[in-house]
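User: I have some questions about a structure I'd like to go through. Can you put it up?

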Amino acid sequence: MPALVNYRGDDDMYSGPSLCSGDSGLLLSIGSHVEIYCPPRKRSRISGPCVVNGNIFEDKRPSIDVLPDECLFEIFRRLPGGRERSSTACVSKRWLTILSSVRSSEFYNKEHFSADDDMEVECDGYLTRCVEGKKATDVRLSAIAVGTSSRGGLGKLSIRGSNSLRGVSNSGLSAIARGCPSLKALSLWNVPSIGDEGLFEIARECHSLEKLDLCQCPSISNKGLAAVAKSCPSLTAVTIESCSNIGNDGLQALAKFCSKLQSITIKDCARVGDQGIASLLASASALTKVKLQSLNITDYSVAVIGHYGKAITNLVLCGLQNVSQKGFWVMGNARGLQSLSSFTVSSCRGVTDLSIEAVGKGCPNLKHMCVRKCCFVSDNGLVAFAKSTSSLESLQLEECNRITQVGILTALSSISSKLKSVSLVKCMGIKDLSNEFSTLSPCESLRSLSIRSCPGFGSTSLAMVGKLCPHLHNLDLSGLCGITDAGLLPLLECCEAGLAKVNLSECSNLSDEVVLALARLHGTTLELVNLDGCQKITDATLVALADSCPLLNDLDVSKCLVTDAGVTALSHGVQSNLQVLSLSGCSMVSNKSVPALERMGKMLVGLNIQHCNSISNNQVEMLTGKLWRCDILS
């Protein structure tokens, strides 16, 4: 029987030329006694020499790279699936570029997507990618376009900023459009190199687009926006901010083609005027959210909102310097904003006592009202608005300096029985009252009161607030450096329902006395106490909170006069669910507090010991190791 030799390609055993000319193995007989098996050899990828006029030219490039882009395009579009395409794209930048130029519809093999265990899918059901700064390049976008195809396609893309040397351009966005036809949300922030050509490609391929966000895109004009509006009828939300070349024509295209549009935000676009805004608001009957900020529009646009905004539920108007009192008055009296539930107006000179009263009368379902930096609103307007509105639940006034305590207290007494929250911020017209009012009715429904950074709000006013608001749950008096223990105690005594959250940060005149009263009167309901910057607070406060507040879960005594003894007392307290503790800037808290912090660490998820210079770095490292579930700031 002849001997069988299994040849494995060892040139020491056989030095002759290859006996195998194809990819499959070959069995040869040498003489009559020996059979030799030659396994398949990998074909050489190196081209042979080329002889021209007697000269030999050696081409050492891989032979497939000699093919022109058109041939590689045809090869790549026949790849069987997304995983194969992703592997191919990793070979070279050229291959990646060619692959990203293939439209999804041009692949021969349509891959049916099935969810994998390792697929990264956002909660709303589609893949998202965000590229920022140096990572925002055309190559990165091409890789995303090719790589997401095997995972069902990209659904949401956000590009923020651009690489200064190799920034994102129309080429990168076109690759996304060709490879991700299922794109539903696109956000472009500060990408000056992307212009209309990129949006043309998005319009050509991504017909399922629902959300478009353009910010600081000076190269995008009305043409690009109009192309998207015409080809993407499913658009429901559009944001345009600081885009200097988008104007009325682009908005008119949205009005004409996007009947499903529900949310529109336009900010700081110099070319946008009444024509575009009026056309959009009059035609988009499905609009529920509208935000207009820093635009050159007049009374006409605001009047159109009042007439045609029947579906609008959320309205924000900011910095509209050319809109007068007449515009806001017409908007309210047009009675078209029947569905409006939230209205925010800021830095608009046309908001006056007369116009704000008209808004109250014309918006019967208004629940949330926020007025910021409107210098012509006074006590008379506030009280008139309070009397005219019937559904208001939340009122916020910020930097309205003509409003005083008299207006606020009268409004609280006059406002609807549904009011739950009032916030006053930096209202410098507030000065403490010299006499109390005896004829005001209490606001029984109010649950949350925030008076922040209003330095004129004093003790007499606080006592009146306590009588007007007997059922408060949340109280925020941060930044009221003028209030004292004697002024705050009457308010605490009037709160019958039990306070749950109390913020007294930067109230530098308060002492342990007021906190002891707080713990005694409301200890069973207190959940949050913030005493940051109250420099007269000592260990007595921690002892009182430890003994009387079983539900306390968030405590801030930063920059207070607490010591190790107070922290130890707190660790032995009745509170079993303290999750957040801030001791930042407590210079008298030292290493001796570490055992107490360890005991509390079983429940803590946040601990702030920044600027506690008496706690050594070694002890901080030890705490970090032991309290592994707690986020420690040091």
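User: Which helix does Gly407 lie in?

Analyst: Gly407 lies in helix α14, residues 405–414. Helices here are DSSP runs of H or I with at least four residues, strands are E runs of at least two, and both are numbered from the N terminus. This is a predicted model, where local features need pLDDT of at least 70, side-chain atom pairs count only at pLDDT 80 or more, and totals for chains, interfaces and linings use all residues. Residues are numbered from 1 along each chain as its sequence is written, and side-chain values use heavy atoms, with hydrogens and water left out.

User: Is Gly407 buried or exposed?

Analyst: Gly407 is buried, because its relative accessible area is 1%. Buried means under 20% relative accessible area, exposed means over 50%, and partly exposed is in between (1.4 Å probe, protein chains only).

User: What is the C-alpha separation of Gly407 and Asp379?

Analyst: Their C-alpha atoms are separated by 4.3 Å, with Gly407 and Asp379 28 residues apart along the chain. Another such pair is Thr538 and Val562, 24 residues apart along the chain, with C-alpha atoms separated by 4.7 Å.

User: Where does Thr538 lie?

Analyst: In the loop between β21 (528–530) and α18 (539–548). Thr538 counts as partly exposed, at 26% relative accessibility.

User: Switching to charges. How many salt bridges are found in the whole structure?

Analyst: The search finds seven. A salt bridge is a side-chain nitrogen of Lys or Arg within 4 Å of a carboxyl oxygen of Asp or Glu.

User: What does Lys267 form a salt bridge with?

Analyst: With Glu241, at 3.6 Å between the closest N and O atoms. The pair links distant parts of the chain, 26 residues apart: Lys267 is in strand β11 (residues 263–267) and Glu241 in strand β10 (residues 237–241). Lys267 is partly exposed at 25% relative accessibility, and Glu241 is partly exposed at 24%.

User: And Arg372, what is its salt-bridge partner?

Analyst: Glu398, with the closest N and O atoms 3.1 Å apart. Arg372 counts as partly exposed at 29%, whereas Glu398 is buried at 18%.

User: Why are Glu357 and Lys361 separated by about one helical turn?

Analyst: Because they are four residues apart in helix α12, residues 353–362. Glu357 and Lys361 form a salt bridge, the closest N and O atoms being 3.3 Å apart. Glu357 is partly exposed at 23%, and Lys361 is partly exposed at 44%.

User: Which residues gather in the patch of positive charge on the surface?

Analyst: Lys156, Arg160, Lys211 and Lys289. Patches are made of residues with over 30% relative accessible area and no salt bridge, with like charges joined within 9 Å and nonpolar side chains (Val, Leu, Ile, Met, Phe, Trp, Tyr) within 5 Å. Lys156 is in strand β7, residues 154–160, and is partly exposed with a relative accessible area of 35%.

User: Last one. What does the side chain of Ser571 make a polar contact with?

Analyst: The side chain of Arg599, at 3.1 Å. A polar contact is a pair of N or O atoms within 3.5 Å; within protein, one must be able to donate a hydrogen and the other to accept it, and residues adjacent in sequence count only if both atoms are side-chain atoms. Ser571 is in helix α19, residues 564–571, and is buried with a relative accessible area of 15%.

Key
Accessible areas come from the Shrake-Rupley method with a 1.4 Å probe; for residues, only the protein chains shown count as cover. Lys and Arg count as positive and Asp and Glu as negative; His and the chain ends are not counted. The place of a charge is taken as NZ of Lys, CZ of Arg, CG of Asp or CD of Glu.
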